[in-house]
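Me: I'd like to go through this structure with you, starting with how the terms are meant. Could you set out the wording for burial before we look at any residues?

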Amino acid sequence: MLACIPVTLIVFKIRRYLLHCEFVRRHGCQPAVRANKDLLLGLDQMLPLVRAVGEHKVLETLREAYHRYGNTYSTKRILSPGIFTTEPANIKTILSVNFEDYSLGHRTRHFEPLLGRGIFDTDGDDWAMSRALIRPSFTRNQVADLTSFEDLIPDLFALIPRDGETVVDLQDLFFRYTMDSATAFLFGQSVGSLRMDQSDLSFAPAFNYSLEVIAMNLILGPFSIFNRDRKAQECNRICREFAERFVEDAVQAARPEKEIPETKRESYIFSHELARRTSDKQRIRDELMNVLLAGRDTTASLLSNMFFMLAKYPAIWDKLRREVVSLDGRLPTYEELRNLKYLRCCMNESLRLHPVVPLNERLAVKDTVLPLGGGKDGLSPVFVAKGTQVAYNVYAMHRRTDFYGPDAEEFRPERWEDGQLKPRWEYLPFNGGPRICIGQQYALTEVGYVTVRMAQEFRTLESRDPGPWEESLNLTLCSRNGTKVCLTPA
Ligand code: HEM
């Protein structure tokens, strides 16, 4: 009986091989350039990356690999086959055209201890249900409500020195600002991290620690099973219990006798809206955690990266301030914010040069094909076997000179100014296809609002970081040295 097992395995392998050959022939696929010399484990590609983590140069190391092997190449990671691409047509195929052929892969496992199961860490029908539940909460009305952003501005300004000499790290303040705004939006109550001494807080540090551990586990990949971190378990518990308190309030507020027309509600509370659509308390809690994770660090990172560059280029800051002068010192409305064209150029340019989600990947759940990358010229389709991890690199794509010109590595908001630059899949800060970021408008509104208020309040913004921007790559991409600046009042 036991003797049959190897025979069955061999027959299975041969059958699979023949099916692959037929699939490859039918789609005209050619092999992609193979990056590895170590064909079994792929250590020759992994070790430089491990070194790059220590040197904070992961993104540049990966970008150099594209220069060496081309815009799509195949590689091994331990025993798993992988394809790396920075080709817009391939990314469109993964995220949109052949969306059904891919899943999120191993990511879900790492996020679940903190997030439970929600929109950000599920696939298939579970994800579709989450998306349907959450989508109505991001209509124009909710995004256009700027009062909650303004409510936190005095707390932010109170922490910014105005003598032009004292150095402040805006990155730290922006992460606290977005923690406060996200918790106000999601739970109806800000955790007040801008106001309190950091040691008084339990939720915010616990949430930050949990995210660090998730980021580490994502890097460790299969080795993460050895990373048993008791503190992380405790932090996950603190975060989930914190969210549960608000779930109870939300369910009470959603009882039919408490139903209030949307126009009469004082301010929008995401958890209350969810509770109107489902009474499943665990689901509400998990979705709250999912949206908090997806929305908080991303928005803070965009603010931090953009202000790092604005502080390095006083002429750009001055030009931005001249545009904001059109408001005559008034608080901007949603429509006015949208009409500030140069502000939009600065946000676009920051997201191009320092995309907040610079690397991403999907796992092929069936045999499939990418349109480009095969053959010597890289123009033939490439076969993607079921179980292959396909990694796409937005950072490298956003710096391709064939899309953005010879100055692609420079921070130049003007490139967006005349409206001629209209990249489609070549520009992907918010992803694309059915899983496109649900909070894109919300994030751009928040970042735009904070930037306008800073430009109204402060005349000079000067960098106090002698070096260039360096990567800090956790779940999102921000500046390793923070955003150290000095400011003077308007
Ligand atoms: C500058 C800020 C932001 C950037 C650059 C950004 C970027 C992204 C990206 C790249 C994804 C795709 C992730 C993937 O599928 O692997 C994503 C998904 C998502 N984002 Fe954002 N995001 C931002 C802000 C926000 C905000 C403020 C919210 C909510 C308040 C939000 C909610 C979400 C959600 C719920 C998803 C998952 C969508 C799905 O899988 O269906 N994001 N975001």
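Reply: Buried stands for under 20% relative accessible area and exposed for over 50%, with partly exposed in between, using a 1.4 Å probe and protein chains only. This is a predicted model, in which local features need pLDDT of at least 70 and side-chain atom pairs count only at pLDDT 80 or more, while totals for chains, interfaces and linings use all residues. Residues are numbered from 1 along each chain as its sequence is written, and side-chain values use heavy atoms, with hydrogens and water left out.

Me: Ok, then Asp407, buried or exposed?

Reply: Asp407 is buried, with a relative accessible area of 18%. Its side chain meets that of Arg412 in a salt bridge, at 2.7 Å from N to O, where a salt bridge is a side-chain nitrogen of Lys or Arg within 4 Å of a carboxyl oxygen of Asp or Glu. Arg412, for its part, is partly exposed, at 31% relative accessible area.

Me: Switching to the ligand: which residues come nearest?

Reply: There are 25 residues around the ligand, and those that come nearest are Arg107, Trp127, Arg131, Asn360 and Cys437. A residue is taken as near if one of its heavy atoms lies within 4 Å of the molecule. The shell divides into 15 nonpolar, 6 polar and 4 charged residues. In that grouping Ala, Val, Leu, Ile, Met, Phe, Trp, Tyr, Cys and Pro count as nonpolar, Asp, Glu, Lys and Arg as charged, and the others, Gly among them, as polar.

Me: What is the protein donor of the iron atom?

Reply: The only protein donor of the ligand's iron atom is Cys437, through SG at 2.3 Å. Donors are N, O and S atoms within 2.8 Å of the metal (3.2 Å for Na, K and Ca), and water is not among the atoms, so sites may look incomplete. Cys437 is found in the loop between helix H18 (401-404) and H19.

Me: Which polar atoms lie by the ligand's oxygen and nitrogen atoms?

Reply: An N or O atom in the side chain of Arg435 is 2.8 Å from an oxygen atom of the ligand, and a polar side-chain atom of Asn431 lies 3.4 Å from an oxygen atom of the ligand. A polar backbone atom of Ala294 is 3.5 Å from a nitrogen atom of the ligand. Two or more residues of the shell come from each of helix H6 (124-134), helix H13 (281-312), strand S6 (359-364) and helix H19 (440-457), and H13 gives the most, with 6 residues.

Me: S6 is a strand, so what does it pair with?

Reply: S6 pairs in the antiparallel sense with strand S9 (residues 389-393) over 5 bridges, and with strand S4 (residues 102-103), again antiparallel, over 2 bridges. Pairing requires that DSSP finds at least two bridges between the strands. The bridge partner of Asn360 in S9 is Tyr392, while Ser103 stands opposite Leu363 in S6.

Me: What order do the strands of that open sheet have?

Reply: The 6 strands run in the order S1-S2-S3-S9-S6-S4, with mixed pairing. Its edge strands are S1 (33-34) and S4, each of which pairs on one side only.

Me: How about the sheet of 3 strands, what is its order?

Reply: That open sheet has the order S5-S13-S10, with antiparallel pairing. Strand S5 (168-169) and strand S10 (458-463) are the edges, and Val168 has Val485 in S13 as its bridge partner.

How values were computed
Polar contact = N/O pair within 3.5 Å; in protein donor to acceptor, adjacent residues only side chain to side chain. Helix = DSSP H or I, 4+ residues; strand = E, 2+ residues; numbered from the N terminus.
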